[in-house]
Amino acid sequence: MTSRLDHLNPATGQQAVAGGDDWSFRVEGLTKRFGNLVANDDITLRVEPGEVYGLLGPNGAGKSTLVKQTIGLMMPTAGRITLGRFDLVADPDTARQLCSYLPQAQMPIEAFRAREAIELAGRVRGGRRTEVRARTDALIEALDIGEWRNEIGQKLSGGVKRLVGFCMAAVCPGRLVILDEPTNDVDPLRRRLLWKEIRALGAMGCSVLLVTHNVLEAEKSVDHLAVMAAGKLVAEGTPSSLKSTDRSQLRLQVMLAPGQETPVLPSWAGVSTRVGHNLVTTIAEDDAATGIAWAASLIDAGTAEEYALSATTLEDAYIRLTSHLSNEDDDEAPRR
Amino acid sequence: MTMAVVPSSTVEHGPARAWHSFRSMLYWHLASLRIWMMTLAAVQVLSGVGFVLGISLFFKHIPTSAALFVSTGVPVINLVMVGLILGPQLVADQRSNGSYEYLRSMPVSRSVNAAAWYTVCLIGGVPPMFVSLVVAWLRYNVPLHLSAMIIPAIVLTSFAATMLGYALAHAISQPMATRLITQMLVFVIFGYAPVLFPMRQMPRWLGTVNWWFPFRHMATVTRAALTSGPSPGLVTSYIVLGAWSVLCAGLALRALGRRP
């Protein structure tokens, strides 16, 4: 069933855009400075319609700054942001009409029933009542949150609120849908449903810009991704292309015993990161036996409790590029 | 996968879009307040009625002129409370809990959003105002003469207060500063502005200061519409209030559109 939501309110002054127009989202040479701090440093990227594009990076990498400039909440120091033929920097009102947005913070829905919040978001975005209602019901069913349909927001759990927030962004989607950590607090079962709906947005022709820390989830669901660190775009490509550098590498993960200092890393270890008791490093395939012997010696010495050797994932590329683990809470300094 | 939709390919401006956005945002604001609606209504009515009745506890005999002053001053308090005090505090809460960013990202023009909030302030201010007037009339039997000028008086008083509150809310980025300033404004309106008592009871310098601020003029235009007899400086008060309204609306819209 196809419902056109683009012919709503045939208002005078409506600017129609030909269906064949290029609706790609382009960021070109985007720079944002706050005094001496460069939050975005000459960022260039492009998201095609139908594409789910992951924007990865640790806290403070500049992801949210990029998003805020896109939806007209911040002014770039330099560079361009366009969606199709529209200049989003020059016309923030247009940016807000063409982009739907799920922020990382919770949505202001304490006083709304779940279904009402979604419908109202669709109405504010210009949707027709009957079509918005049908789409709302479909989203509620698809995400399996029907039991909370008539519950008011202040009684919803964080995960359900997050899903309602996603529905508010997806009910009447813009040409660009920006989702900032959409899976936060969502249970594993509904995460899978949520990823399916994110993919569905792409299938409808939206460009989806997905901001996340969760590399492992993104690896399975995005078409392209960019990794940001310290305001710079440090890598861009498909998940496979970003992993290719690590193809001849293995991932050695050592769970250190509580209270133990980080052991001195041998020269064959790649860039390593410790988060909590978890020490992760990459090693060459040829060093596998040496790595296992080293990890076993740590266990024998009581320094570590267990270890695992596995194929590298996108997360290892992420660690290499950013010197951070994804989803980390208390990062320590990266180690050689 | 859910039903397919086609993402919007149009950018709409113009009156139809503005009217649609206005209705949606009016519903949004009213629904946002619904769980506190009964409490808010009670606070609004009790603050007005409480003042009208409470003043008689201070004095054994209240002269008719004083009763009339209080009775025609309390409606001003009712009219300004939602827009000037509650509005900025709600925005401060939105800034604190992070939802301010989402609200600013909604595809609604700043002026339409402001108009929707102003309508909420009228809905929240006008009924308690009339409740206060009825209670005052019953308690003191004061000679009230409601004229048609009550309409522009309400419209302008509420607008000036709402836009002042809107400007404070959106121009001040620190929620705590917003809360402190609105608390101070309550103090100023009750104690240091000639709203509930005549200006002749104030030091001359304080009267001069008040001439430049809007609260005295809110009281002048409202009182003129509720009483018979001469209203010196009425036109001036309308002009000053209008100037405050335009200034505050401009500041608020500029603050809302600011992109750091």
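Two strands count as paired if DSSP finds at least two bridges between them, and strands (E, at least two residues) and helices (H or I, at least four) are DSSP runs numbered from the N terminus. The model is a predicted one, so to speak of local features takes a pLDDT of at least 70 and side-chain atom pairs count only at pLDDT 80 or more, while totals for chains, interfaces and linings use all residues. Residues are numbered from 1 along each chain as its sequence is written, with chains lettered from A and ligands numbered from 1 in the order in which they are written.

On those terms, strand 11 (residues 224-229) and strand 12 of chain A pair antiparallel over five bridges, with A:Ala226 sitting opposite A:Glu236 of strand 12. Both strands belong to an open, mixed sheet of six in chain A, ordered 8-9-10-5-11-12. Strand 8 (99-102) and strand 12 (232-237) of chain A are its edges, each pairing on one side only. From one strand to the next, the twist averages 15 degrees.

Helix 10 (residues 314-322) of chain A lies over strand 5 (52-56), strand 11 and strand 12 of chain A, at about 30 degrees to strand 11.

As for nonpolar cores (buried Ala, Val, Leu, Ile, Met, Phe, Trp, Tyr and Cys joined through C-beta atoms within 7 Å), the largest has 148 residues, of which A:Val164, A:Cys167 and A:Leu210 touch the most other members. Helix 3 (residues 64-97) of chain B is the top contributor to this core, with 16 residues. Leaving aside neighbours within four places in sequence, A:Cys167 is in contact (backbone-placed C-beta atoms within 7 Å) with A:Ile118, A:Thr136, A:Leu139, A:Ile140 and A:Leu143. A second, separate core of 11 residues includes A:Leu256, A:Ile283, A:Trp294 and A:Ala295.

How values were computed:
Axes fitted to C-alpha atoms, helices over the stretch in contact; angles between N-to-C directions. Contact = placed C-beta atoms within 7 Å. Buried ≥ 20, exposed ≤ 12 C-beta atoms within 10 Å, placed from the backbone.
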